[in-house]
Amino acid sequence: MKVIFFDVDGTLLSHNTNQIPESTIQALDLLKEKGILRVLCTGRHMKELEEMNFSYMDFDAWILLNGQLILNKEKQVIWSNPVINHTLIDLFVQNKYPIQLLEEKDFYINYVNDYVRFAQKSIHTAVPEIKKYNGNVIYQGIGFVNEEQEKELKKLLKDCLITRWNPYAVDIVSKDGGKGKAIKQFLHLYNLSKEESMAFGDGFNDQDMLKEVNIGVAMGNAVDELKEMASYVTSDIDYDGIYNALIHFNIL
């Protein structure tokens, strides 16, 4: 094993305690001592990770915005996959739905309703700032919509990949995007094979991530769909899930 990819919410970060379990911190330190690369693979923006104090952690690389950006250890962009979709921008400008746009350095939203407030509260994150689209490159969108509105979005954004992460919110990336695509690119850039890789996740947006590694681990608190396709289902995040899985596979 040479590289392990970690989702953040529900995998590294417990939303019950809003903390990283001590056993997980210990596991990350032990992996570093063994020379195994530890890569964050999240839907989060670096600006959010800074607010959460994640950006100060000693990861070997960062895959952000559900695979749309790959940063090296020094947080320099080494690969990117922007969303090229004018309809997404039109929906943002028209205020048809609450939509958040995420650039490399910033993110903002067109307007705020209860869906936005509920979704952000569930991940202990502030409501995004309301701004106008400024013409910069967009790497991801977030639509704060219910399931019926999600169906409408999928009809309008046929060249985008839309994945639900909350009862009130979906991620919007390019059709050829996602965490799995970024992991394949990362392995190529670092001259590693799939057989040398492992990943931990808990949500719907982690499905393609687990497919692109040799050992895909679903947390005990993961959605059922992820558990069904995982190589292994470990214990809950709050019951040492990451540490226990690494012991199970004789990595620690």
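Modeller: A term to begin with: two strands pair if DSSP finds at least two bridges between them. Helices (H or I, at least four residues) and strands (E, at least two) are DSSP runs, numbered from the N terminus. This is a predicted model, where local features need pLDDT of at least 70 and side-chain atom pairs count only at pLDDT 80 or more, while totals for chains, interfaces and linings use all residues. Residues are numbered from 1 along each chain as its sequence is written, and side-chain values use heavy atoms, with hydrogens and water left out.

Biologist: Thanks! In what order do the five strands of the open sheet run?
Modeller: The order is E7-E6-E8-E10-E9, with antiparallel pairing. Strands E7 (107-109) and E9 (160-166) are at the edges with a single partner strand each, so one side of each has no neighbour in the sheet. From one strand to the next, the twist averages 20°.

Biologist: And how many bridges join E6 and E8?
Modeller: Four, between E6 (residues 99-102) and E8 (residues 140-143). Glutamine 100 is opposite isoleucine 142 of E8 there.

Biologist: Which strands does helix H3 lie across?
Modeller: Helix H3 (residues 86-94) lies across E6, E7, E8 and E10 (169-174), at about 130° to E6. Angles run from 0 to 180 degrees between N-to-C directions, with axes fitted as lines to C-alpha atoms, for helices over the stretch in contact; contact means heavy atoms within 4.5 Å.

Biologist: Switching topic: which residues touch the most other members of the largest nonpolar core?
Modeller: Phe54, Phe200 and Leu246, out of 39 residues. Such a core is a set of buried Ala, Val, Leu, Ile, Met, Phe, Trp, Tyr and Cys residues joined through side-chain atoms within 4.5 Å. Buried means under 20% relative accessible area, exposed over 50%, partly exposed in between (1.4 Å probe, protein chains only).

Biologist: What does phenylalanine 54 touch?
Modeller: Leaving out residues up to four places away in sequence, its contacts include Leu12, Ile20, Phe59 and Trp62. Apart from that core lies another, of 21 residues, including Phe186 and Val213.

Biologist: Is serine 197 buried or exposed?
Modeller: Buried, with a relative accessible area of 0%. Serine 197 lies in strand E11 (residues 197-201), and a polar atom of its side chain is 2.6 Å from the backbone oxygen of lysine 194.

Biologist: Last one: which way do the residues of E4 point?
Modeller: In E4 (residues 69-72), Leu69 and Leu71 point one way, Ile70 and Asn72 the other, and all are buried.

Methods. Polar contact = N/O pair within 3.5 Å; in protein donor to acceptor, adjacent residues only side chain to side chain.
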